[in-house]
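Subject: Structure handover

Hi,

Here is the structure I promised to pass on. My notes follow below it.

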Amino acid sequence: MRLKTPPQPVVFRFDGPTALCSAVEEIYRMAPKAPSALCRWQGRYFLQVRAGLGMRRRLARSGARYGACLGASPVLFAFCREHGCEISRDPVAKLGGALARGKKEGQTGEEPRADTSYS
């Protein structure tokens, strides 16, 4: 049996950037191509992640370790996006990927590469 509507996105709330980055990095390891969005409203960060039904429970557990999992709350996220500040339209791929690459370089003993070309 197929669902007629796609599953609702999972929304998380984080109190600070450290918790947000930790959660995004962990979500990236589980689902690097998960569509996501990030906004800030009233000093808190709200992350929306779309995932299939099989992944949602694991996703909710991993994100809840760093902040509050608000469940399927697309209307709340839309309100926060409208009244707050949208930060990124794909934070899991962009921020999570950057954090994962940074850790990989740090583990191998390499210094992070700096762009020294000035155009």
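Is Phe 79 buried, exposed or partly exposed? Phe 79 is partly exposed, because its relative accessible area is 38% and buried would need under 20%, exposed over 50%. Please keep in mind that this is a predicted model.

Now the rings. The model has three aromatic pairs. Phe 12 and Phe 14 make a stacked one. Their centres are 6.1 Å apart, with 25° between the planes. Both Phe 12 and Phe 14 are buried.

Trp 41 and Phe 79 make another pair, this one edge-to-face. The centre-to-centre distance is 5.2 Å, and the planes stand at 90°. Trp 41 sits in strand E2 (residues 36-41), while Phe 79 belongs to helix H3 (residues 74-83). The pair therefore ties together parts that lie 38 residues apart in sequence. Trp 41 is partly exposed: its relative accessible area is 22%, and the cut-off for buried is under 20%. Ring pairs join Phe 46, Trp 41 and Phe 79 into a cluster.

One more residue to look at is Ser 62. You will find Ser 62 in helix H2 (residues 53-64). With a relative accessible area of 5%, Ser 62 is buried. Which residues does Ser 62 touch, leaving aside those up to four places away in sequence? They are Glu 26, Ile 27 and Met 30.

Best wishes

Technical notes
Residues are numbered from 1 along each chain as its sequence is written. This is a predicted model: local features need pLDDT of at least 70, side-chain atom pairs count only at pLDDT 80 or more; totals for chains, interfaces and linings use all residues. Side-chain values use heavy atoms; hydrogens and water are left out. Rings of Phe, Tyr and Trp (its six-membered ring) pair if their centres lie within 6.5 Å; planes under 30 degrees apart count as stacked, over 60 as edge-to-face and the rest as tilted. Buried means under 20% relative accessible area, exposed over 50%, partly exposed in between (1.4 Å probe, protein chains only). Helices (H or I, at least four residues) and strands (E, at least two) are DSSP runs, numbered from the N terminus. Contact means heavy atoms within 4.5 Å.
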